[in-house]
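Student: I should like to work through this protein chain with you. Could we look at it together, one question at a time?

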Amino acid sequence: MSEADGLRQRRPLRPQVVTDDDGQAPEAKDGSSFSGRVFRVTFLMLAVSLTVPLLGAMMLLESPIDPQPLSFKEPPLLLGVLHPNTKLRQAERLFENQLIGPESIAHIGDVMFTGTADGRVVKLENGEIETIARFGSGPCKTRDDEPVCGRPLGIRAGPNGTLFVADAYKGLFEVNPWKREVKLLLSSETPIEGKKMSFVNDLTVTQDGRKIYFTDSSSKWQRRDYLLLVMEGTDDGRLLEYDTVTREVKVLLDQLRFPNGVQLSPAEDFVLVAETTMARIRRVYVSGLMKGGADLFVENMPGFPDNIRPSSFGGYWVGMSTIRPNPGFSMLDFLSERPWIKRMIFKEGWQEESRVLCLGARQPVFNSQHHHIQLK
């Protein structure tokens, strides 16, 4: 055999592990597998021991709401004139980071007025903010302070250079912005046809200033609990009429689910009222041959309507609190036919956490998809 053939037949030596007992390796493997099973079983038992009492507690806890199933049509496709756009991002921002939660806006000449979340009615002129009225007392730092602090919502300019303001907790007011005079027209403590007003919302005024049409969103829930009002779908909201001369109050329409923004027609023959929970706008006739009648002005809207204001085109601007994406997923539509989920979410003790969760989920939609719909 040559040296080359000998090299080809040689094989490299493989390292070997020498142990005192050849059975140790299999036992180590079995031991590792056994330890893993013990860990998984222990973890599962711990999870069950924590989850079962938690679910039991949730089942026993009471829910503050008693929702009933609501039926919605499929939201309209967001196509054509409803296609989302970013035009509002191009709007000029006025008084940025200087106002807390301005709701409605009114103007007298070039001077604007609005109400803020800290209970003030303010004048906006020449880049300056000036407080002209307060209906409650401070401090006004959190939502829980609102009943004492007040929360001005709807605001309109009257014919005599005064403002008519709806405060969610206090009632209807007339404010002279030049003299800083405040007059209470109708206290929310006054029961109307046996029901209290817990959530005075928006108002609209006739040209002569005599009639005020306003919404009371609920006789059960206050503004600070608006999320519970939406989730329960409570039908105790009303559209009312206040006569500033006779001081009489009439209920024009009741059993509304979260009546919100209102707007009187240019001819003053009907009033539009946004029924937020139902994604629709109702029409109530207040003069003419159809006086006392009511019908649907528009239904199955692409969002849940808030305020209504007239446009210069002869129609109306409608601000949406949040949209109903289609294509997409609408949480409120999904929950509308599943009241048991709503009850579970808002169990006592979980209420604050769920409120934060829902608001957190809603905020990006509100900021990026706040639509104005032109209706005719």
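Student: Which residue is the bridge partner of A166 in β7?

Tutor: This is a predicted model, in which local features need pLDDT of at least 70, side-chain atom pairs count only at pLDDT 80 or more, and totals for chains, interfaces and linings use all residues. Residues are numbered from 1 along each chain as its sequence is written, and side-chain values use heavy atoms, with hydrogens and water left out. Strands are DSSP runs of E with at least two residues, numbered from the N terminus, and two of them pair if DSSP finds at least two bridges between them. Strand β6 (residues 163-167) pairs with β7 (residues 171-176) in the antiparallel sense over five bridges, and the partner of A166 in β7 is L172.

Student: Which strands are the edge strands of the open sheet?

Tutor: The sheet has four strands with antiparallel pairing, in the order β5-β6-β7-β8. An edge strand pairs on one side only, and this holds for β5 (152-157) and β8 (181-187).

Student: What is the mean pLDDT of the protein?

Tutor: The term pLDDT is the predictor's confidence in each residue, from 0 to 100. Over residues 17-29 the pLDDT is below 50, as it is over residues 349-376. Where pLDDT is low, the predicted coordinates should not be read in detail. In the protein, 77% of the residues reach 70 or more, and the mean pLDDT is 84.

Terms used. Contact = heavy atoms within 4.5 Å.
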